[in-house]
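Here are my notes on this model, as numbered points. Please read them with the structure open.

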Amino acid sequence: MPEIQRPVVRPRRLRATPTLRRLVAETSVEARQLVLPVFVREGIDAPVPISSMPGVVQHSRDSLKAAVAQAAELGIGGVMLFGVPTSKDAAGSGAIDPDGILNVAIADCVAEVGDALPIMADLCLDEFTDHGHCGVLDARGRVDNDATLAVYAEMARAQAAAGVTIVGPSGMMDGQVGVIRAALDAASHEDVAILAYSAKYASAFYGPFREAVDSSLHGDRRTNQQDPASALEAVREPLLDVEQGADMVMVKPGLPYLDVLRQVRDAVDVPVAAYNISGEYSMVEAAAERGWIDREAAILESLTAFRRAGADIVLTYWAIEAAQLLAR
Ligand code: PBG
């Protein structure tokens, strides 16, 4: 019997040329999967740069309309609006005021682009409260879960009345999705969808965002947001949210939590979004500014990593630029 020579396994064969690599690539990033988070600030008539997030601005109502029109033009998946009000109070009442900045901005965007782009809005009180917490506080200064739910219900109705396509509850109150779904349905807004921030961690990587929304938070959000040391609750909460009527769920932050993203993707049967948050953005921008990293390559690699880990949708401050890079 002649001796049979076992062939050398050569994985490099399929990496030899760009077209071979393209042929076998398992994931891709498309503009339609990207959602642009945008900040709109009350009482300004020109955009204000956010120093902790180079390239990102707080929009005026007019510059927001232009940004949203551009997003629609480029075919990105949607925009997620955050409001920055001029005055805040303990109850976060600007959030439920039909003339509050977030609600008027929703209406502006809908008037500008109609059905050409889903308009999403952050549904949380932290931008509107003078103490900076995501809900209202009880007599001892703790976030009062159930009193907050009542405000979220009103906030959802106000956003729906302004024409929002999708609400994004991000405060991590227990039971928020069910209460918001019921409030929307009772007000005949059955068509408004819910993208639930279901696995949201108490993260240091939100730092630059706090400047973006002029946050007044002292302390932290560790009683409502999840513990970075754990993943079980990050699978459990999306399941609870889907049961309560979430149409999509989100994992946040993104890059340090790709393991969680994969577990959530495998556990639920609705679209899963991941948020490529402010700190992840600013780290790349800062390194690129110093010439320490290839900025465009790092952006595309980051977005590809989200897709590989199972994200159907990625919220990213690079959405516009990435769409332009992908079209090249
Ligand atoms: C809460 C909210 C936060 C972010 C999005 N929604 C801040 C927080 O929970 O502290 C952070 C987004 C980012 O860092 O890019 N409304």
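**Notes on the predicted model**

1. R13 is exposed, and its relative accessible area is 55%. The cut-off for that word is over 50%. Bear in mind that this is a predicted model. R13 lies in the segment that comes before α1 (18-24).

2. On the surface, a patch of positive charge gathers R10, R12, R13 and R15.

3. Now the strands, starting with β4, residues 78-84. How many of its residues are buried? Seven of the seven are, so β4 is largely enclosed by the rest of the structure. Buried here means under 20% relative accessible area.

4. The burial of β4 holds on both sides. G78, M80, F82 and V84 point one way. V79, L81 and G83 point the other way. All of these residues are buried.

5. Which strands pair with β4? One is β1, in the parallel sense, over seven bridges. Within that pairing, G78 of β4 is the bridge partner of V35. Another is β5, residues 119-123, again parallel, over three bridges. There, V79 has I119 in β5 as its bridge partner.

6. Strand β10, residues 313-316, is covered on both faces. I313 and L315 are on one side, V314 and T316 on the other. All four side positions named here are buried.

7. β10 also has parallel partners. With β1, residues 34-41, it pairs over two bridges. In β10, L315 stands opposite V35. With β9, residues 272-276, β10 pairs over four bridges. Here A274 is the residue opposite V314 of β10.

8. Strand β1 itself pairs in parallel with β10 and with β4.

9. Last, helix α7, residues 232-243, which holds E233. Is E233 buried, exposed or partly exposed? E233 counts as partly exposed, because its relative accessibility is 27%. That value falls in between the cut-offs of 20% for buried and 50% for exposed.

10. E233 can also be placed against V110. The two are 123 residues apart in sequence. From C-alpha to C-alpha, E233 and V110 are 36 Å apart in space.

Conventions
Residues are numbered from 1 along each chain as its sequence is written. This is a predicted model: local features need pLDDT of at least 70, side-chain atom pairs count only at pLDDT 80 or more; totals for chains, interfaces and linings use all residues. Side-chain values use heavy atoms; hydrogens and water are left out. Patches are made of residues with over 30% relative accessible area and no salt bridge: like charges are joined within 9 Å, nonpolar side chains (Val, Leu, Ile, Met, Phe, Trp, Tyr) within 5 Å. Accessible areas come from the Shrake-Rupley method with a 1.4 Å probe; for residues, only the protein chains shown count as cover. A salt bridge is a side-chain nitrogen of Lys or Arg within 4 Å of a carboxyl oxygen of Asp or Glu. Lys and Arg count as positive and Asp and Glu as negative; His and the chain ends are not counted. The place of a charge is taken as NZ of Lys, CZ of Arg, CG of Asp or CD of Glu. Buried means under 20% relative accessible area, exposed over 50%, partly exposed in between (1.4 Å probe, protein chains only). Two strands pair if DSSP finds at least two bridges between them.
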